[in-house]
Amino acid sequence: MRKYIVAGNWKMNTTVPQGVELAKAVVEKAKELPANVELVVAPPFTHLVSVAEALKGSKVALSAQNCADKEKGAYTGEVAVDMLVSAGCTYTILGHSERRQYYGETDAKLVDKVRLALAAGLKVILCVGENLDEREAGRHFDVVKEQTENVLFHFTAEEMASIVIAYEPVWAIGTGKTATAAQAEEIHACIRNVIEGKFGKKVADDLTILYGGSCKPSNAKELFAEPDIDGGLIGGAALKAEDFIAIAASF
Ligand code: PGA
């Protein structure tokens with residue numbers, strides 16, 4: 001069964017008290033939502049333990065925004081998957097375009113990270129997406145296909161059950177410029193095809209593919225109405241509980 005998910009990527013925003021307050025507001029407002037949508041929040045590492053406490057007893061899941069590509073040891077400044085699990089995470093986002101662009105995240109590194117995350121029992125939200133130059137050159141399908149294949153073709157059909165893909169066109173992230181529902185749908189359908197070609201129809205049908213990039217209450221309904229768009233990875237609008245829940249209520 002395909003799951004519908006709305007995940008909030010808080011990025012490098014909020015202090016710990018602000019994050020806890022935001023999480024509590026999300027939990028409170030989530031009670032108004034129908035049960036068919038899973039909510040996930042991804043605060044910064046420093047907030048995880050406190051936010052986990054705030055989410056206790058709710059159905060809102062906790063995600064990290066990244067993890068180390070090593071298991072443990074002398075890697076100053078890194079956070080390992082076991083640490084995330086022990087802090088209360090059930091998900092981690094991986095391969096966000098900001099990590100790829102500013103911190104040199106490569107597909108090869110992502111294979112190691114996904115492997116470690118799955119082995120620790122975490123579900124992975126793997127981000128893919130083309131930048132503006134690639135879109136303008138007409139390479140968007142190829143770029144997204146390559147990113148998907150380079151990382152996920154190292155895993156098994158069984159492991160795919162713990163993977164969510166987020167398609168985030170880089171030109172739409174934080175710019176206020178959303179992909180149209182039709183632009184997003186054609187890429188989502190392409191991703192599902194790639195997955196079907198490798199892992200079969202059942203895995204492809206069950207796969208949750210999120211859209212991210214300036215998704216907000218005013219455009220979520222149109223996006224989520226598309227057959228291959230199964231929710232959203234929300235940045236800016238996830239920092240206001242009201243907007244985040246309004247997006248989730250758009251299904
Ligand atoms: P945005 O960010 O909603 O602020 O565009 C989305 C994301 O980067 O996950």
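How close do the axes of H11 and helix H12 come, and at what angle do they cross? The axes come within 8 Å and cross at roughly 20 degrees. The model is a predicted one, in which local features need pLDDT of at least 70, side-chain atom pairs count only at pLDDT 80 or more, and totals for chains, interfaces and linings use all residues. Residues are numbered from 1 along each chain as its sequence is written, and side-chain values use heavy atoms, with hydrogens and water left out.

Helices (H or I, at least four residues) and strands (E, at least two) are DSSP runs, numbered from the N terminus. Axes are lines fitted to C-alpha atoms, for helices over the stretch in contact. Angles run from 0 to 180 degrees between N-to-C directions.

The strands form a barrel. In it, 8 strands close in the order S1-S2-S3-S4-S5-S6-S7-S8. The pairing is parallel. From one strand to the next, the twist averages 25 degrees. Two strands count as paired if DSSP finds at least two bridges between them. Strands of a sheet pair through backbone hydrogen bonds, either parallel or antiparallel.

Strand S8 covers residues 231-234. Strand S1 (residues 4-9) pairs with S8 in the parallel sense over 4 bridges. Ala7 has Leu233 in S8 as its bridge partner. Strand S7 (residues 208-212) also runs parallel to S8, and 2 bridges join them. Here the bridge partner of Tyr211 is Gly232 in S8. Both faces of S8 are covered. Gly231 and Leu233 are buried on one side, and Gly232 and Ile234 are buried on the other. Buried means under 20% relative accessible area, exposed means over 50%, and partly exposed lies in between (1.4 Å probe, protein chains only).

Another pair of strands is S4 (residues 91-94) and S5 (residues 123-128). They pair in the parallel sense over 4 bridges. Thr92 stands opposite Val124 in S5.

Two helix pairs were examined. Helix H1 (residues 16-30) packs against helix H2 (residues 48-55) at an angle of about 25 degrees. Their axes are 9 Å apart. H1 and H2 are therefore roughly parallel to each other. Angles under 35 degrees count as roughly parallel, over 145 as roughly antiparallel, 65 to 115 as roughly perpendicular, and the rest as oblique. H1 passes H2 in a right-handed crossing. A crossing is right-handed if the near helix is turned clockwise from the far one by less than a right angle, and left-handed if anticlockwise. From H1, the residues Val16, Gly19, Val20, Ala23, Lys24 and Val27 meet Ser50, Val51, Ala54 and Leu55 of H2. By class, this contact of H1 with H2 has 7 nonpolar, 2 polar and 1 charged residues. Contact means heavy atoms within 4.5 Å. Ala, Val, Leu, Ile, Met, Phe, Trp, Tyr, Cys and Pro count as nonpolar. Asp, Glu, Lys and Arg count as charged, and the others, Gly among them, as polar.

The second pair is H11 (217-224) and H12 (residues 241-248). H11 and H12 cross at roughly 20 degrees, and they are therefore roughly parallel to each other. Their crossing is right-handed. H11 contributes Pro217, Ala220 and Phe224 to the contact, and H12 contributes Asp243, Ala246 and Ile247. By class, the contact of H11 with H12 has 5 nonpolar, no polar and 1 charged residues.

At 28% relative accessibility, Thr14 counts as partly exposed. At 16% relative accessibility, Ser214 counts as buried.

Ile191 lies in helix H9 (residues 181-199). Its relative accessibility is 2%, so Ile191 counts as buried. Not counting residues up to four places away in sequence, Ile191 touches Val128, Val144, Thr148, Ile165, Tyr167 and Ile209. The C-alpha atoms of Ile191 and Ser50 are separated by 36 Å, and the two residues are 141 residues apart along the chain. His140 lies in helix H7 (residues 140-152). At 11% relative accessibility, His140 counts as buried.
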